[in-house]
Each structure stands twice: as C-alpha cells, then as structure tokens.
There are 2 protein chains.
Amino acid sequence: MSKRRDTLKLGLFLRATGHHVAAWRHPGAQADAGIRIEHYQALARQAEAAGFDTLFLADSVGVRGIDSPVFDRLIAPHLTFEPLTLLAALATVTRRIGLIATASTSYSEPYNLARQFASLDQISGGRIGWNLVTSSDAASAHNFGGSGQAAHADRYARAREFQQVVDKLWDSWEDDALLLDRDAGLFLDRAKRHFTEHRGEHFQVRGPLNVLRSPQGKPVLVQAGASEDGRELAAATAEVVFAAHQSLHDAQAFYRDLKGRAQALGRNPEHLKILPGVTIFTGASEAAAQAKHRELQELVQPEVGRELLSGLLGGVDLSHLSLDAPLPRDLPLSNASRSRQELIQKLADEGLSLRQLYLRLAGARGHWTLVGSAEQVVDQLEAWFQGYGADGFNILPPTYPEGLDDFITFVLPELRRRGLVRQGDYEGRTLREHLGLPYPQHPAARRGQEAVA
Amino acid sequence: MSKRRDTLKLGLFLRATGHHVAAWRHPGAQADAGIRIEHYQALARQAEAAGFDTLFLADSVGVRGIDSPVFDRLIAPHLTFEPLTLLAALATVTRRIGLIATASTSYSEPYNLARQFASLDQISGGRIGWNLVTSSDAASAHNFGGSGQAAHADRYARAREFQQVVDKLWDSWEDDALLLDRDAGLFLDRAKRHFTEHRGEHFQVRGPLNVLRSPQGKPVLVQAGASEDGRELAAATAEVVFAAHQSLHDAQAFYRDLKGRAQALGRNPEHLKILPGVTIFTGASEAAAQAKHRELQELVQPEVGRELLSGLLGGVDLSHLSLDAPLPRDLPLSNASRSRQELIQKLADEGLSLRQLYLRLAGARGHWTLVGSAEQVVDQLEAWFQGYGADGFNILPPTYPEGLDDFITFVLPELRRRGLVRQGDYEGRTLREHLGLPYPQHPAARRGQEAVA
C-alpha cells in the first residue's frame, strides 16, 4: 500500500489535572486545575503554538463516582468548568486551534444546544465542534428527575432526532441573509429565512434559530459511540469519531467498519476522520519514559484502582474481591460502555489480577498507552496511521501540564521530521479547514446550484 | 431627608446595535454587531475603563418579531450571540466589571443553568449575575413544543421552584471543600459535600453540582418582573431589580413597595438594589442632544413603529388603524408585560396618536428617556437617586458605540463631580463587592457559627 498523502490530525484531550487516575497527586500536576481558568488558557495557547488541530473537552451532567466510598480520593477531574462556557473562554485567548466540547442529548433541548454551539462558532470565528453523546449513568439521570434506566435504543432514538433538529436549526438563515441596507431600511433578506417546522416523536421545534449561520456553516459534528447504535449514528452524521482501541488490529477493524458504513450511506469516507485516543509517557530516552510511567503508577491508591475498575464496568461491586486474584468471568454486563467492558473482560481472560488490571487502565481509562522514546512512540503512531487504523490521534497526556510538555518536546519534532504532521503554521482558519472537512452548503444554495446545472 | 451616603450603581445594558428601534440604520451604529465579537469586547473594555459596575444582557429563546410582516426591518438586535457563551467571552477580556446575563426558567433545567452560571463565576473570578426571567412569548414557546399559553401563575410557580433548586445546587460544596492533600491521597473533604435531594412539583434533582462553590459564593440574583407574582419573587430572592418607570412618582412607589416587601420577609432592604432603566441622548449642549434624538427619530420607519407598538402590547393587531388617530381605549390586554401595557394605555389616555406613541417608545421600548445637556441629565438622575426612586441606573444607550461614548464623555464626569458615583478605581474584585451586597455564607458554615455563639 502506498504512503498516505494526507497528514495525521492531532487533537488534545483536556482534562483538569490530566488523564492518569493519580495525576492530581503528581508533584508536577495542577491539582486545583478545575478552578484555574489561567491553567486551561495556558494549555490552549500552548497547544495552538504547537499546531494541534483541536482541543477536546469531555463532559458529564453529574459527578462521576459521587457514590463511591472513596469519592474524596477519586473525583479530581470531575469538578471543573462547564464545557460550553469554558470553550468560549478559550476561544478568546486563541486564534486558530479548533475547540470541541461534549454535550449530551439526554437532558437538554435542541434549541438551547444548537444556539450555544452556533454562538460559539461565531465567537471563535469558525473553530467549534460538538461531540454528541447520550447519557447512561445514574449520577446524571438523578439530576434530571430520571432513574438512569432509559434503554440504550431509546437514548439513541432521541439522540438521532435531536441531531436532526439541531442540524435544521443551523440552517435557519442562509449565509448571506444580512442585507444591512440602511437607506432602504432592510436589515435582512426575507427570502433567506427558513423555519425549522420540526414535528417529531421527541421534539416540536418551529425555529428559526436566533443566531445567524455560523462561520463554518455548521459546527463540526463529533461522536464516540462504539456500539451498533453508536456506529450507525456516526456513519450517518459524524465528521470526526473518537475511538478507544488497544491494538492496531482492533483499530483497523473499527476504521474499516465505520468508513464502510459511511460509504454505504452515500457519504465520502474521507469526510469522516477517525481519531483513536492515546496516552503517551515519553522523555529523552526509553528509560526516562518508563521512570515517568512508574512514578505515576506508584501513586495509584489501591482503593481508587478498585473503584476505577468498578466504574468502567458500570458500577459492579468488586469490594469483596482480593486485589491479587483474577477478575471473575461471570460479571454481569451493565448499561455502561460496552466496548470498555469487553476490553476489560479480554484483559481478565489473560489472567490479570484486579491490581494488574486497574494499573493497566489507570493511564487513561482503557485508552491505548505508549511508554517509550520519541522514536518508539512515533513508530507506533505511524504504523496505525499508515495502516489505516487512524486518521490521527486524540492525545491524552497523563498529567497536565507536564505530559503535554513532554509530547511537544519529544514526540512532535519526530512527527514533523517524518512528514506525518503539518510542517508550518495552520493553513486554514476554521476547524473544518484544519481537518480537511467540506463546508456544508445551505440546502437552499444546493438546490439553487442544481437548478442551474 | 439627608443626602444618601452610598453611591449610585451603574449598569450598562448591552444590545447589539443599541436600544433605539432605528439604531441599526444610524451611520454611527455597528449594524452587524450581532456577529462581531470584537464589537462586544470593545464595549465591555470601554465600560470597565469608565467604571461601570456591571454589564447586562437581555435574552429571548426565540426571534422576537419573527411573525411580523416587517420582521426584515425589525429584528436587528435579536440575531446575536447567546448570552452565557457571550458572557464567558467578555469575562476573559475584562478584569473587574460585573457581568449579568438573562436566562429563562421556562425551557431549561435547573442543573444545567446552575452549572453554567457557577462555571461563569469561576471563569470571571466572581463577577457574574443571573437575571431570572420567565418566558411568555409564543415565538419562544414554539421552539420547545409549547403553545405559549402557560398561565402567568404557573410560569412563576415553576420559576420559584427552579430558583430554589439552583440555590441549593450552588451550596453543593462548602467554600473550603478542597483539601488537595497529595500525600494522604485526599482530594477533598467528604464532610463538605452536600446532596441537593430536591423533590418538588416540577423538579427532582439529587445533586451535587459538578462545579465547586464559586468565588461569590453564589452569582448575584437579578430580576425584573413588575407584576404581583414578579414582585413577590423579587422581594423574596432578588439582589438586584431592573425596573422601567417614566416618572419619579412611579419609581418611588415601586421602590417603596419592593423594599417594604423585602423587609416584611425579614430581609435587609439595602441588600436589594433597584436600578431603573434610562436611555440618554446627550451632547455638548441641550441643542446638540436634541439634534441627536431627532436624527434617530427620523430614521424610524412607520411600519416598524406600528410593529413596535403592537409587540409591546403583546401582539395585538394594529394594522387597520391610522397612524394619526389615537389608540383605541378598548384594546384587549395580553399575556405580555402588564406594566408596559399600562404605560401605553396611560400615554394613549393623554390623546397621543399611534405615530406619537411609537415615537415615544422608540428610544428604549418604554424605558425612561432623557434628552439634554449633561447637567440637565444628571439633575434628573440625582433627583431619582436622592428621592429614593433608584439605587442606581441601568443605562440603555440609544446606539452603540456612539451612545456609550456620549454617556462617558458628558454624563459620567458630571456624576463624578457631584460625588454621585465611585471616584476612583473599583474598590473590590467581585460584582457583590461593587454593589455592596453581602457574601452568602454556606448554610453549614452559618449553622457552625450559631453553634459556637
């Protein structure tokens, strides 16, 4: 297979103190990052200077782990800024880098969400993406009068309709709706207003949106679901997909499957970028990288490790099990991420003890973990990229700011040397341009062109 | 009555192109302000340099006037940024000025709103206020599956419970909940976590909020309702009230009424600041001020004036009436602002024609309008302040940026000369400090103090 001509896309997954479960205990981490806006702003500026295509913020509408008996040791990254207000604050201190925030379709209204994302796209000059998720956790459900027992299929049915409404709302005004004709007294062109008029099972929304069409036409649509429902929705609508794989084989299978589904639906598979997550421990040498990894692993508290594992398994009780015994094979599957549960079961099948298991997952909750010199790390990244397991990567530094410093100091120059990433400054202005995604023309403009053709 | 020792508080009511209905047609206005973040940021910086206590953003979750036959001439200020994302973007380019955004309780969830405002208070370092409103207009209702016919009392019952939930969510964590004890592995103090456990008629919310307690303890609570329900809610909970009066007599009656209600509920009436809105045309002389006023009035399109009037009356059809005839006395009252309808009826009783009426209201939708030299304007403001009709004013410049420039150039120096406003730089850091409002201690801390006493 010939070498790919496109470049590898880079996202930076922000997370208060870092992605390693013990990050906040590390001397180099910003332990109170959740209330330090300057911390986030400095990271955003640093990532932009390094040429990352985008930042990414995860989200949950409840405190994950709040019912754990060791929540006071566990929840450091979950008490922080709300993503949409944070994104606006980061947009004003950066000029080029993309900004992606997660927002759930389960407990909000499409009008409110469409509006905030369109507003952010205006504020940032066209650099916004929406990571669409559904919420399955009880901690979130309990904040909205629910029990958290909504079936998987129902959550996705609502999500699909929600996305359709948002998409229509973003087309409320054509690109050139503003006339600003002071003399004639005409502020805008009435022919370029479009009511949404959505009447569906979950939502009735008339529109139009009270924000004009945004610089990107529409914010970039991002998804991460790996279930059957999740893949179907992503294949139909997503422009970026965040994935979590432990092996090139799994990454390739997912990549082929999702691009194939998109193509079968009539989409250009190149307009769907797949970015697996990867957490990287690196340094001036392999030994230095391993020392950094070891230092963090030793900070994992056993009771936190047990809870981490329990949480990733959807809250199953592991408190009676010995840390040095293997995980039982007959644990009940839960409503939580199916792919994460399957990964853990696979590792358990290798005979790992509870302790070995949680240490494997401590780096970034089951994301791919690399420990090594810059050359070793880039060999791996290159293999995934050239092997069509990834169009790029979502980087999850184990700690902030140190883990990001290390990536920029060691890995990025090696990626550049091999021509795998953009060489100079950003070529474009919008997130779509950074990622090579097309501008979504307004349906009325498309119809106009077809009429001419 | 002796002279007041406190100073007059100043808010700046931002509105894309300005508050005059024809503002966007004025050569000095920023007609496309709604998509120019730099415009808003420049205004915020200018207001801070001038020492305003706070900025204020109104809101609506639909396009006001969208069903008007002349919407294309009318809706200039209603297609702009969403207030909470805009506030975050303004927070990062300012350091001291307060930032108040409107958000409705009618179509959102208390957890989402409590969270975004707490996050904004963290981002801004304690400068945020929430203007709590209910939504009665059909344009908004239609975006959320509703008809817009929810009864006034029902809207307020939901609003009251909504506010209670938000208030409890803001107390999820005590001020000093963070321990950050790296050696012991304790991130926070489990005794300082408080579940919300709200089970009411409209909402069931368990909490806790996933944002720590904010620098102000809680964002400042602002309201503007003038109805009986609105006054009751404001007396019980508001810390700032925006009002709309045309005469000192009306302002004083409202002031006495609201402060009296607050006192009757056991509150210190000084902890409720009343700021009537005022739109000011001023210049180097009275003649210059009048010329500026006239210039804008002449830009009012008759069809827009008629629609403005119809809109303020809640959408009543006036299309068959002559502009030079008086307003009929038997117009049906609607679901819209009762105080605005009564004001219009009062003006109509004076025999004003439709044209005269809409020109009276064109300045700022029925807010008090002053046209004159700095001295004439400040005479009026001082009379309202010293006469206990106001604790300060919410300034509504007829155009942006010119109207603000004029206020700063002419009126502000005269206010300073008379010792009516703060002389030097901001003394405090938070909006509460600017306004002389107390820090809301956490209930657990209050209980602790009582136990000691």
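The side chain of B:Gln252 reaches the backbone oxygen of B:Gly387 at 2.9 Å. That's a handy place to start in this predicted model. B:Gln252 sits in helix 8 of chain B, which covers residues 248–264. Leaving out residues up to four places away in sequence, B:Gln252 touches B:Gly387, B:Tyr388 and B:Gly389. Its relative accessibility is 21%, so B:Gln252 counts as partly exposed; the cut-off for buried is under 20%. As for B:Trp368, 116 residues away along the chain, its C-alpha atom is separated from that of B:Gln252 by 14 Å.

Helix 8 of chain B also holds B:Arg261. This arginine is buried, because its relative accessible area is 15%, and the limit is under 20%. The side chains of B:Arg261 and B:Asp257 are joined by a polar contact of 2.9 Å. Beyond four places in sequence, B:Arg261 touches B:Glu228, B:Arg231, B:Glu232 and B:Ala235.

**Where the chains meet**

Now for the interface. Here 75 residues of chain B are in contact with 75 residues of chain A. The two chains bury about 6600 Å² between them, with 57% of that on carbon and sulfur atoms. The polar side of the story is 48 residue pairs in polar contact across the interface, counting pairs with both residues at pLDDT 80 or more. On chain B, the elements that each supply at least two residues to the side touching chain A include helix 1 (37–50), helix 3 (83–91) and strand 5 (178–181). Which helix of chain B gives the most to that side? Helix 4 does, with eight residues. By type, the residues on this side of chain B split into 39 nonpolar, 21 polar and 15 charged.

**Salt bridges**

Side chains of opposite charge can pair when their charged atoms come close. Over all chains the count comes to 56 salt bridges, and the count between chain B and chain A is six. Here are a few pairs, with the N to O distance for each.

| Salt bridge | N to O distance |
|---|---|
| A:Asp67 and B:Arg206 | 2.6 Å |
| A:Asp72 and B:Arg190 | 3.1 Å |
| A:Arg36 and A:Asp32 | 3.0 Å |
| B:Asp176 and B:Lys192 | 3.0 Å |

Take A:Asp72 and B:Arg190, which form a salt bridge. This pair crosses between chains, running from helix 2 (residues 71–74) of chain A to the loop between strand 6 and strand 7 (198–199) of chain B. A:Asp72 is buried at 5% relative accessibility, while B:Arg190 is partly exposed at 40%.

The salt bridge of B:Asp176 and B:Lys192 stays within chain B: B:Asp176 lies in the loop between helix 6 (152–169) and strand 5, and B:Lys192 in the loop between strand 6 and strand 7, so the pair ties together parts that are 16 residues apart in sequence. B:Asp176 is partly exposed, with a relative accessible area of 44%.

**The nonpolar core**

In soluble globular proteins, nonpolar side chains tend to be buried together. The largest nonpolar core here has 152 residues, and A:Leu415 and B:Leu415 touch the most other members. Leaving out residues up to four places away in sequence, B:Leu415 touches B:Leu8, B:Leu10, B:Val378, B:Leu381, B:Phe407, B:Leu420 and B:Val421.

Technical notes: Residues numbered from 1 in each chain as written. Chains lettered and ligands numbered in written order. Predicted model: local features only at pLDDT ≥ 70, side-chain atom pairs only at ≥ 80, totals over all residues. Heavy atoms only, no water. Contact = heavy atoms within 4.5 Å. Buried area = accessible area lost by both parts, 1.4 Å probe. Salt bridge = Lys/Arg side-chain N within 4 Å of Asp/Glu carboxyl O. Polar contact = N/O pair within 3.5 Å; in protein donor to acceptor, adjacent residues only side chain to side chain. Helix = DSSP H or I, 4+ residues; strand = E, 2+ residues; numbered from the N terminus. Nonpolar A, V, L, I, M, F, W, Y, C, P; charged D, E, K, R; others polar. Buried < 20%, exposed > 50% of the residue type's maximum accessible area, 1.4 Å probe, protein only. Core = buried A, V, L, I, M, F, W, Y, C linked by side-chain atoms within 4.5 Å.
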